[in-house]
Every structure is written in structure tokens, then in C-alpha cells.
Amino acid sequence: MKKIYLFLLALCWAGVSFGGDFVVIVSKDCPLASVSTTDLKRLYTGKLENIDGTSVSGTNLSMDNPAAVSFLSEIVGMATTDYKSFWLAQQIRGGSTAPAVKKSVSDMISYVKDNANAVGYVPKDAALDGVKAVEVK
Amino acid sequence: MKRKKLCKHSGYTVFLITTVLITSIFAQTQEKFQIYGFSDMTISKCFPKENSFSYGVDKMDEKANFSLDHVNLYTSFRPNKHVRFLAELSFQESPVNYNNVAGTRIIMNSPFLNSDSVYTVAEIKAKNRIQRGITIFEWGSFSVERAMMSLNLNRYWNFSAGKFITPAGVWNVDHGSPVIMTISQPTQYSYAEIFPKSQIGIMEEGKIFLGDADLSYVVYLSSGRDNQSLYRPTDLSVGGQVRMNLPLLDECTFGLSGYRGKANIKLREGVITMNTVDFVTFDSKTVYEDSNVVNYHEKVYGIDMRLRKYNLTFQSELNYQDIDNNVLNGAKTGIFGNYYMLAYDAYKKDNLTLTPYGLFEYVKYYDEEKHPNANPYALREGYRKVMAGLNIRAFTNYGIKLEYNFTRLLMQDYSTIKRDECDIPGVGAQFYVAF
């Protein structure tokens, strides 16, 4: 029985943290406390602009950042090459615009801090100054 | 009267206030104005037999051709997240309305009659003459692929008005060379054009989330294929598309498309009747009479699917056009087109992807002689086409496609063109860039 509890605990932990090297962040003024992976995937593929009544816009880190590679692979389900191709196709189709890209972690944090509707992600060990982490369900 | 004027003024005021509110309240910090596009250049060469009919068709003969097929420029203006204006202009190097046509010299040897027509009449023949929305220059052509104003209210209600690319299948809207795997779109979207390529009208689109699955829909009302004149409100064309994206594999999308329209081209003549009243006075009456040049109803249905897993992509579209040709007393005719594509990302790194691909296409004509666009000199049962090649993409935006293609025309039984004259093998290379 104990083993089963441990196994379930491990599953829950894996579900929350995704084992990835990133933390999803929003501004402290943003009412979002948690977000589902499906909503995050839809947000980063231009299908969603509103989560639980809160207007949101996704922001990416530069594609060579390991946190971006991890986030796109685990949440969006695409390699960075596929993600870039996806947005190129969206552009040619005349669809929505790709999320803004921030070159560094500090740029991402200051951007999210100043924009109440911005959703971003940073490496797990980054100092969350003026922003808050959001639970990914 | 005053009240009417007041109402009119207040109507304008409401419109202005609404516009100002829309363009200011929701103002965002994102880039408002964007210019981007794509371009491609193709080198192609066919290898027809000397007796092949394609020896007499420009660019399907034995000559190699360089062509700058597209320079497509997009301009997008988004003053806020609810309003967008998008225009796509396409520049092509070749004139779209002229085509070299081989002359024909007929020599007849028989016991009863020997003759030689002596003269061959090779000519530059006009084509695409009834295609509207294209400005023709001697050095090339320019067309407005789309120009539309969109109002995005929420996930369910997004309205657009203007010229739009028909939402049908996968590769009609995804029409750019950096996105299409093969050198050219399947011919059911170009040469055969089963669905209209673009239309002018109004469109509503939206999305519904069903658990982890996404359902997107589009409905539109338009002036139809080639922007037809509307003689009655019932001449309006209507169509739509539903696409379902399932959370299976890396990509799993199914789509249904439909279109119902009417083509109605009339020649109008003024008949002037003059009656002499006396030597200096005439009484004249003018009556306008219409004669139908093109008049048909069409219904077009399509299904498509795209699956992707383990770097392997399978894509297929089946489209069917059903026509009642009213010029021929409602004679039934139609086109069935389908294609199947398989592609595999054999090598994929950040800056380079190598994708071998193969595509088989089959287009079948039903009673082509009754089809409004039939060429009575070359009636076919249909054709089969195979395209196989390698798509080399670098840095996402650049690429080269190397391709072998083979087309076999399936002529009607009584055609004078023999089977071995109907095969057109060829090779091509295309360089493309997105900017």
C-alpha cells in the first residue's frame, strides 16, 4: 500500500513540475494561479487568448535557451525547428502572430513583471523578482 | 425630414465612436504593422517523346525553363488585437495571359488526295482572359491574392470582409512554397481548380474546444468563382470548412470543406430599333438582350487529413466537383481529384532538415465534354501525376526542392492522341525563401 502511495505521489509531482527545466510565470497583478498544459499549448500555438476570463499573451525565450527547448518539447509537443516551421505556416496562412521572443531571462522577467496579461517561462533556478510562478496542471 | 437627418447623423456618430473605441481602448504594445512574404524560383525540364502532344505546349516541351514563380508580399496592419487588415500581393515574372502555341501543318498522302496545308500558324495566344483581379503587364503579372479586414470579437466570432483564399483542404490556404512540400501545389488546386482559389465576400470563423480536441469552423458568403456578377440574391455562393484537431500522434487533423455556387457570364447586346416618323425625325427604342455564355451550378465537397508521428507525415485530400451545366440543358459533369503524400524527416537538426517525399495524384473528369471549361480538342478521362523528391530546408526560411515528376494523361477512347503520346516525365529544382 505504501508503495502505491509513493507511486501516486511521484505521479502527482511529475504532473505538477513536468520534470522540465522551466517555471511558468505571470505578473503579480495577474489573477492566474494555475494553468492546464492544454491551455498553455493552445496559447503558444495562437489558438487561445483568454484563460479563465483573463486576457493573456504568450512570450517565448530565445529558441537556443534550454528552458525554451524544454518548454516547447514538454508543453507544446514540438521541437524548436517544428515550432518555427509551425509559425512560418501560420504566417503564410494569414493566421495569428507568433508570441514575442525575449532574448534573455532578465528581459523575460522584466517584461512579464510590467505586463499583467503576459505569460512566460524561465529556467527553474531563475530568481522570480516581481513575478510569480504558476502551477501547471 | 429633420428627424431622418438626425438619425442618419447619429448613425455615423455611433459608427465613429465604435471605431474609435475599437482602435484605442484595446491598443496593445505588439507590432502593429508587419511586412513579410515568400519568394521562389524554379528550374524545370520535361522529357516528352518527339510525338508527344506536349511537344507543342510551351513549358511542357523539351526546353529547360527558369521561372520566378512567386514574389508574394504580405502587409498586416493590426491597430489592436481585435482589428486586422491583411493584404497579400503576388508578383510573377511571366505574363499570365500569353502562351506560345505551336502551329500545325497538315500533310495528307492518300491514293485519292495529296495535300499540304504548307502554312504553319504559330502564335502567341491569349489565355486566362476571363480571370479577373489580375493586372497584366508585358513583363509579368500582379494579382491581389487576398485583401481583407477582420474583426476578432472572441474565440467564436471573427468576421472578415474582402477577398479571401477559399478555406478548403490543406494546401489551398497554406499555399506558399516554404510550406508546401512539393514544387507545386497538387493540380486540383491549380490547373483543375476544383474549389475556387479565392473569392470576394464575407466570412465568419471561430474555434470550439472539446476537451483536448480543437474544432475550428469557417462559413462564408461570396460572389463565387472568378467574382461572378450577381443577377439575383440567390446567385450568391456559400461555403465553409470544419477542421478537427485531435490530441493523437504528433498531429492528427481531419477536415471537411464544401462550396455551393453559380457561374453566370452573360453577353449583353443593345438592340436599337429606329422608326422613321418623317424625313427628319426618327423614333428609336433600345432594348437590352442577354445571352448566356457560361451558366452552371456547382457543388464542391472535400475531405482532408494530415497525420504526423515519428517524423513521418501523411497527408491526403479528396475533392469532388458536381456541375449542372445550364447552357447544355442542365447536363451533369464533374471532376474528382485526390492525392496522397508521404514525407519523412530523415535528418532534422536546428538549422537543417532533409525530407524525402512522394506524392501521387489522380484527377478524373466525368463527361468532360460537358464541362464549362473543357478543351474540345483534348478531351480526357483524367490524369495521374507522381511527384517524388527531396526537400532541403535550412534555418526554417530557406530551402531547395529537387523533384522528379511524371504525368500520364488518360485520353477518352475516341481520342486521336495515342497512349504513348500522353506521358510527360520531367525534373525540377526550386529555391524558396520566406522573409
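Tutor: D174(B) is buried, its relative accessible area being 6%; buried means under 20%, exposed over 50% and partly exposed in between, with a 1.4 Å probe and protein chains only. The model is predicted, so local features need pLDDT of at least 70 and side-chain atom pairs count only at pLDDT 80 or more, whereas totals for chains, interfaces and linings use all residues. Residues are numbered from 1 along each chain as its sequence is written, chains are lettered from A and ligands numbered from 1 in the order in which they are written, and side-chain values use heavy atoms, leaving out hydrogens and water.

D174(B) sits in the loop of chain B between β10 (158–165) and β11 (198–210); strands (E, at least two residues) and helices (H or I, at least four) are DSSP runs numbered from the N terminus. Its side chain makes a polar contact of 2.6 Å with that of R93(A). Such a contact is a pair of N or O atoms within 3.5 Å; within protein, one must be able to donate a hydrogen and the other to accept it, and residues adjacent in sequence count only if both atoms belong to side chains. Apart from neighbours within four places in sequence, D174(B) is in contact (heavy atoms within 4.5 Å) with V179(B) and I180(B) as well as R93(A).

Two further loops of chain B hold residues with positive phi. Most residues other than glycine have a negative phi. L249(B), however, has a phi of about 55°; it is found in the loop between β13 (237–245) and β14 (251–276) and is partly exposed at 48%. Y310(B), with phi near 50°, occupies the loop between β15 (282–309) and β16 (312–325) and is exposed at 67%.

Among the strands of chain B, β2 (64–80) and β3 (83–92) are antiparallel and share eight bridges; two strands pair if DSSP finds at least two bridges between them. A hairpin of two residues connects β2(B) to β3(B), and V71(B) is bridged to F91(B) in β3(B). On β9(B), F91(B) has F142(B) as its bridge partner; β3(B) and β9(B) (141–152) run antiparallel, joined by 10 bridges.

In chain A, helix α5 (105–114) has M108(A), I109(A) and V112(A) buried. The buried residues of α5(A) fall within an arc of 95° seen down the axis, so they line one face of the helix; the arc is that of the directions from the helix axis to the C-beta atoms. The face turned away from that buried side carries the exposed residues S106(A) and D114(A).
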